Amino acid sequence: MGKRSRLRKKEHQNNSKPGGRDNRDNAGWGAGYADIIKENKLFEAYYQELGLVPEGEFDQFMAAMREPLPATIRITGYKSHAKEILHCLKNKYFKEIQEVEIDGQKIEAPQPLSWYPDDLAWHTNMSRKILRKSPLLEKFHQFLVSETESGNISRQEAVSMIPPLLMKIEPHHKILDMCAAPGSKTAQLIEMLHSDMDVPFPEGFVIANDVDNKRCYLLVHQAKRLNSPCIMVVNHDASCIPRLQIDTEDGQKGTLFYDRILCDVPCSGDGTMRKNIDVWKKWTTSNSLHLHGLQIRIAVRGVEQLAVGGRMVYSTCSLNPIEDEAVIATLLEKSEGALELADASVDLPGLKWMPGVTKWKLMTKEGQWYKDWSEVPVNRHTQIRPTMFPPTDTEKLANMKLERCMRILPHHQNTGGFFVAVLVKKAPMPWNRRFPKLRKEQSSSSVPQPEDSPVEPEAGDQAKESNVCGPPPNKKMKRHGFKEDPFVFLTEDDPVFPPIESFYDLSPDFPKINVLTRTHEGKKRHLYMVSKELRNVMLNNSERMKVINTGVKVWSRNSDGEEFGCAFRLAQEGIYTLFPYIRSRMITVSVEDIKILLTQENPYLSKLEEDAHQQAKKMGVIVLKYRPDNSNPDGPQCPIELCGWRGKTSIRAFVPRNERFHYLRMLGVEVFRDKQGQGPREEEKEVKEEVKEGETENGNKDVSPKQELRGENRGDEHLKGDEREGGGENLTST
């Protein structure tokens, strides 16, 4: 038996003992860390000496660091259903759990974050243990899980929501998220791009990057929930992320400069001690010293690719000035006036924060302090660098206005610790001065590069030429991880389009050139769409960047569809992108129709109301459209579009499971699963009888509520791949 196998076996044995993994899962928000003592003398000594915490508050600061972090949720702001979700939370779930006591712990009603706009973010003291184990809160927990999967709610730490809000994003902005995984901030950026849901293709886009190939797929999962054609996930080392080329409006090749950049760099994470409890055991000052150089390299690469007039938000979940103000000061000093710190003090009213500091010291893990570079012994010059100390020139230091940086302390608003700074680019970086400036009248974030213009020097090249301290030379791109299928754009005269255009009566302005597939040969199984701007980026940079995922699926092949004249059915995830261009195949349905379509797998056409029934008889693939009824304030006040398919005698909605739950809740139907191993509840038994009676009447197969909810006996074996994914099972409702 190899060493790894022995370790795995030992770990399994430990986890099966009392106090092992099974017990740690029941340990509340800090599950898995029950054996870690929340003490670190070096941490306390370091931060007490630095004086970052206001006088007289250090004990409160340390007490807060030892408390579990409140659970925080954010309602996605760009969805047309955001108000309905908020209404559902406020008037149903929050009312039900007010002032409940469980195991002696008082459950307070969730409260909105005072500084987050429109009451779209909430926090509560409920632990994971209570959410998962308490019958009283079981439905609320299932609601959170289901709505998270369908992209309507994100579970995200409060302080993590701050950087995107400070970026001041508009729908036309080109945005780079340099270190994006796991993707909660990326999701915010996408939402902001889609602030106007009537515009299916905003001019802007988000390029989300991460160095870890596996974490990129986590990022894809987060982004895909939002069904946006304006997001692309790439896999690069952020410190040398490639400069991209695009076609400009005048037909020339230009370099892509971003309007907004989020630079949330890797850090020591000592602000996350409340949720990542193992940081208590692992924390030393060496962590910050090791990361400082990488943080500078990533930030330098960011400002190089920022458009003049653009904003870059630099953030860490560390409180250490070595990772925070020291990096910002280095950037400002290198920029020679090209960058300045923006005053963001009024951007988030209600947020409590401490201004950045202008004085700090450095401590080794042995407890040795150094006030400036001159005190550092030669044998430590490889671990400790001059950029880790405050600038010695007092006038230069004052002009940097480091007090505009924002440090969030945990005890002020019951959050994690965080640091954020907003940089505005006033001119090209000194090593890029030969490159043409961005003209104010240009709407695009690209700059045409004349043929006789020299190649733009990078910061690493400049350091090599002048022998000055700076970022290392640029690395050659290496491709690791899973090899992705190609992204193949279709031409306007591709033979796949005529039947689709005719069948769906697509409007003349439908952008066919934005449609892509993932194969060069054979039948096209799925068709995806990206925005015009992302298409421009992809076509010009196929050899420069490693694309993990992009585009939203809009059509899927369905062999049964050929008898109706079109081999492709609509995909639910792309309906908001396609809907403005579809001029036929739409039927208007009522609230009762949608309830039937979402709770029964293949209801007979006769079950629909007469108007919808008559419309559906005339077509195969359909878009089921609901519009709010102003005369019925109790009904959903948001539009709903569902993809469907009519058979000979029945009709089906191609809606994924969690989206079914979502829409049914919007219609006032509560849908939930019973705990595994337990029988159906009384309400479920009643529904079971109703379902059995209705299905026997129609001759459909009887399916029990537990089987329905587990996805068993779904009756969709005849569907292939993604078609099965879209088909839902009968759902239990109360």
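Me: Is Ile 169 buried or exposed in this predicted model?

Reply: The model is a predicted one. Buried here means under 20% relative accessible area. Ile 169 has a relative accessibility of 14%, and therefore it counts as buried.

Me: Where does Ile 169 lie, and which residues does Ile 169 touch?

Reply: Ile 169 has its place in the loop between H8 and strand E7 (174-177). Leaving aside residues up to four places away in sequence, Ile 169 touches Pro 164, Ile 175, Leu 189, Met 192, Leu 193 and Arg 260.

Me: What distance separates the C-alpha atoms of Ile 169 and Glu 191?

Reply: Along the chain, Ile 169 and Glu 191 are 22 residues apart.

Me: Is Glu 157 buried or exposed, and what does Glu 157 touch?

Reply: Glu 157 is found in the loop between strand E6 (153-155) and helix H8 (162-166). Its relative accessibility is 15%, so Glu 157 counts as buried. When residues up to four places away in sequence are not counted, Glu 157 touches Leu 69, Lys 275 and Gly 416.

Me: How are helices H12 and H13 oriented to each other?

Reply: Helix H12 covers residues 286-304 and helix H13 covers residues 325-335; their axes are 10 Å apart and the packing angle is about 45°. The crossing is right-handed. Angles of 65 to 115 degrees count as roughly perpendicular and those under 35 as roughly parallel; H12 and H13 are therefore oblique.

Me: Which residues make the contact of H12 with H13, and how do they divide by class?

Reply: From H12 come His 292, Gln 295, Ile 296, Ala 299, Val 300 and Val 303. From H13 come Ala 326, Val 327, Thr 330, Leu 331 and Lys 334. By class, the residues of this contact are 7 nonpolar, 3 polar and 1 charged.

Me: How are helices H3 and H4 oriented, and what is the handedness of their crossing?

Reply: The axes of H3 (residues 41-50) and H4 (residues 58-66) come within 11 Å and cross at roughly 140°. Only angles over 145 degrees count as roughly antiparallel, and H3 and H4 are therefore oblique to each other. Their crossing is right-handed.

Me: Which residues of H3 and H4 meet, and of what classes are they?

Reply: Phe 43, Glu 44, Tyr 47 and Gln 48 of H3 meet Phe 58, Phe 61, Met 62, Met 65 and Arg 66 of H4. The classes in this contact are 6 nonpolar, 1 polar and 2 charged.

Me: Where do the buried residues of helix H17 fall?

Reply: In H17 (residues 497-504), the buried residues are Phe 497, Ile 500, Phe 503 and Tyr 504. Seen down the helix axis, these residues fall within an arc of 140°, so they line one face of H17. An α-helix has 3.6 residues a turn, so residues three or four places apart point the same way. The buried residues of H17 thus lie on one face of the helix.

Me: How many residues of helix H22 are buried?

Reply: The buried residues in H22 are Glu 659, Arg 660, Phe 661, His 662, Tyr 663, Leu 664, Arg 665 and Met 666. Helix H22 (residues 657-666) is largely enclosed by the rest of the structure, because its buried residues number 8 of the 10.

Me: Which residue just after H22 takes a positive phi?

Reply: The phi in question is about 90°, and the residue is Gly 668.

Technical notes. Residues numbered from 1 in each chain as written. Predicted model: local features only at pLDDT ≥ 70, side-chain atom pairs only at ≥ 80, totals over all residues. Heavy atoms only, no water. Axes fitted to C-alpha atoms, helices over the stretch in contact; angles between N-to-C directions. Helix = DSSP H or I, 4+ residues; strand = E, 2+ residues; numbered from the N terminus. Left-handed = near helix turned anticlockwise from the far one by under 90°. Contact = heavy atoms within 4.5 Å. Nonpolar A, V, L, I, M, F, W, Y, C, P; charged D, E, K, R; others polar. Buried < 20%, exposed > 50% of the residue type's maximum accessible area, 1.4 Å probe, protein only. Arc of directions from axis to C-beta.
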